[in-house]
Amino acid sequence: MSGAKSSRKLYSSVPDKLFDTANIIFMICLMIVTLYPFLNMFALSFNDANDSIRGNIYIWPREWTWANYEYIFNESSIFYATYISAARTIIGTLVSVFCTAMLAYTISRQDYVLRKFVTIAFIFTMYFNGGLIPNYLLTKELGLLNNFWVYIIPGIIGVFNMIVVRSFIEGLPEGIMESARIDGAGEFTTFMKIVLPLTIPALATVSLFVAVSQWNSWFDVFLYNSSRLELSTLQYELMKILSTSNTAASSGATAADAFAGAQGNVTSVTPTSIRATMTIVASLPIIIVYPFLQKYFVQGMTVGGVKG
Amino acid sequence: MGKHTGQTVTAAATTGNSRIGTFFKQLSKQKMLMLMSLPFLLWVFVFKYVPLWGWTIAFQKFRPARDLFNQEWVGLNNFKMLFQEEAFYRVLRNTLVMSSINLVLGFVTAIVLALLLNELRSLMFKRTVQTISYLPHFISWVVAANIVQTALAPEGIINVLMLKLNLIDQPILWLGKGEYFWGILGATEVWKNVGWNTIIYLAAITTIDPSQYEAAEIDGANRIQRILHITLPGMKSVIVILLIMNLGHILESGFEPQYLLGNGMNVDYSENLDIFVLKYGMNMGNYGLATAAGMFKTVVSFIFLMVANNVAKRLGESRLY
């Protein structure tokens with residue numbers, strides 16, 4: 001190695017190392033900023049509520065207790081809301097993913113005469129929508145107000161999801177579907193027996209998107225079903241607690257006062273501990289599931305993002 | 001059609017009636033495919049196109065007690081009222097400012113993060129950072145708003161840190177001061193979506209030819225130069241496409257974060273078009289005005305999208321369609 005070359009290498013490697021170190025430090029900061037709020041909520045949810053008032057709980061509970069979790073699951077409204085959240089997530093995901101996949105299959109067929117028409121009819125809706133009031137009136141006219149099915153039916157097809165699945169099916173080797181048809185299988189059988197199993201990577205992505213949006217939504221509960229408590233969901237219950245403490249904060253009183261007033265008695269829980277506990281319950285299912293689907297949704301986003 | 005010789009031959013052979021004939025023959029052969037898609041055509045008609053017809057409400061003095069066909073027509077009155085409403089200009093300003101902040105911050109942070117992630121040498125570490133950075137995207141806005149409210153509370157972590165660092169001498173009521181709201185919202189959006197938004201840029205980076213980096217290295221380009229002159233230009237077409245799509249959504253500044261973090265003290269800054277529609281429509285029952293505002297939003301958005309797409313076409317960039 002010549003002297004000149006090695007000195008150049010040395011010269012360029014010092015800023016290089018500095019860059020790498022700075023980059024790693026930056027990434028660690030990013031992870032801390034992302035994770036800290038969840039760890040903080042976790043710590044508060046497992047810490048004794050009255051002890052939490054003393055403050056200084058950061059990422060680990062000071063006085064461990066299950067009391068907060070016991071409290072919210074004994075509260076029948078929250079228990080029932082969790083059940084509705086789970087029901088809409090499971091039913092909504094199964095129905096939507098199946099229907100979206102079926103529709104995507106028909107428009108992936110190059111020879112299908114209505115292919116263009118169907119595709120355009122759906123893509124158009126990505127840019128134009130009736131908006132809040134017409135949608136509300138339609139829901140009312142269809143008898144979907146105060147009805148569980150308002151969580152499922154209006155969201156059966158997601159256009160973006162449809163594009164993701166269609167692109168995936170179009171990427172499958174043509175021969176497989178062709179041979180099934182030669183063997184005399186009808187379109188529906190081909191779809192069920194051949195296409196669905198082969199499309200699982202795309203369906204995993206789409207299922208995650210649908211399940212997350214079902215589990216997370218509260219606005220449809222608020223708009224359509226707020227007068228029927230038994231159709232409330234976990235996110236909506238959490239939202240109500242949030243807005244109570246919002247009003248309390250702007251009227252000068254502390255959230256704890258408002259909550260104690262609403263409760264009318266002394267309990268072992270505080271609004272802070274309830275909020276933290278519900279936050280953990282409302283995000284835990286997602287936190288557990290999404291890392292396992294990372295490979296799929298990264299792929300799905302890439303395909304849908306480019307072709308959509 | 002003349003460009004494709006194959007198609008010209010078939011087109012010449014099947015003219016007029018016989019072409020319609022083959023269409024129907026094809027259609028009857030594809031009965032099953034039709035059965036598999038027609039229910040959804042019906043669905044999209046009812047749930048997406050019928051509400052479009054609901055735009056007529058914008059031209060009516062709508063009374064919910066009467067049925068949809070017996071409403072009083074008032075021409076452009078609702079639009080006149082809308083444009084005379086002082087609150088409308090305030091929410092329009094808030095909408096435009098918030099979505100511009102989100103657009104610029106969202107783009108810059110995601111691109112920078114993607115570039116930095118790409119420079120990490122350890123694949124394990126890179127994957128860990130990515131997985132963690134996706135997390136906030138998946139949690140609901142209700143949870144995110146809870147987190148933000150907790151962090152910004154008088155005794156929350158932000159005030160605690162700033163007091164310890166002597167940046168302030170007493171806790172600030174962050175969500176109680178309207179002028180902080182846009183900044184808080186921008187930061188929250190970045191926190192929630194920056195990791196997720198890197199996915200598409202990282203995918204674009206993987207398509208860059210590695211030999212370009214080798215050539216640059218031989219030419220003596222350093223790390224920063226390689227990022228600026230190879231990686232960044234390699235992402236250009238994706239950036240342009242996303243920019244077009246986002247310009248089309250310039251009036252969609254979001255609804256949930258503003259609604260959930262908004263309160264009586266910051267309402268002058270937090271209220272946007274969507275909240276305006278909700279307030280006038282659902283709370284005050286002025287359906288005509290609310291629908292007019294919603295229609296205004298969709299139409300202006302579409303014009304923005306068209307203009308952005310045309311500009312991209314002129315510049316010779318890849319575009320949406």
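Which residue just after α15(B) takes a positive phi? In this predicted model, G285(B) does so, with a phi of about 75°.

Residues are numbered from 1 along each chain as its sequence is written, while chains are lettered from A and ligands numbered from 1 in the order in which they are written. Because the model is predicted, local features need pLDDT of at least 70 and side-chain atom pairs count only at pLDDT 80 or more, whereas totals for chains, interfaces and linings use all residues.

View 1. Helices here are DSSP runs (H or I, at least four residues; strands are E, at least two), numbered from the N terminus. In α15(B), the buried residues are L273(B), D274(B), F276(B), V277(B), L278(B), Y280(B) and G281(B). A residue is buried if 20 or more other C-beta atoms, placed from the backbone, lie within 10 Å of its own, exposed if 12 or fewer do, and partly exposed in between. These buried residues pack against α6 (132-141) of chain A, together with α5 and α16 of chain B.

**View 2. Domains of the two chains.** By an automatic or database domain assignment, chain A is divided into domain 1 (3-52) and domain 2 (70-228 + 286-307). The C-alpha centres of these domains of chain A lie 37 Å apart. Chain B is divided into domain 1 (1-45) and domain 2 (79-314), and 44 Å separate their centres, taken over C-alpha atoms. The secondary structure of chain A comprises 15 helices and 0 strands, and 39% of its 308 residues count as buried.

**View 3. The contact between chains A and B.** Chain B contributes 65 residues to the contact and chain A 67 residues, where two residues are in contact if their C-beta atoms, placed from the backbone, lie within 7 Å. On the side of chain B that touches chain A, the largest share, 14 residues, comes from α3(B). That side divides into 43 nonpolar, 17 polar and 5 charged residues. Ala, Val, Leu, Ile, Met, Phe, Trp, Tyr, Cys and Pro count as nonpolar, Asp, Glu, Lys and Arg as charged, and the others, Gly among them, as polar.

**View 4. I132(B) in helix α6 of chain B.** I132(B) is found in helix α6 of chain B. This residue is partly exposed because 17 other C-beta atoms lie within 10 Å. Not counting residues up to four places away in sequence, I132(B) touches M31(A), T34(A) and L35(A).

**View 5. The packing of α4(A) against α10(A).** Helix α4 (residues 76-108) and helix α10 (residues 200-216) of chain A pack at an angle of about 145°, with their axes 9 Å apart. Axes are lines fitted to C-alpha atoms, for helices over the stretch in contact, and angles run from 0 to 180 degrees between N-to-C directions. Among the residues that meet are G92(A) and S96(A) in α4(A), and V206(A) and V210(A) in α10(A). By class, this contact has 7 nonpolar, 8 polar and 1 charged residues.

**View 6. The nonpolar cores.** A nonpolar core is a set of buried Ala, Val, Leu, Ile, Met, Phe, Trp, Tyr and Cys residues joined through C-beta atoms within 7 Å. The largest has 104 residues, and those with the most contacts inside it include V206(A) and A145(B). A second, separate core of 22 residues includes Y136(A), A58(B), F276(B) and A290(B).
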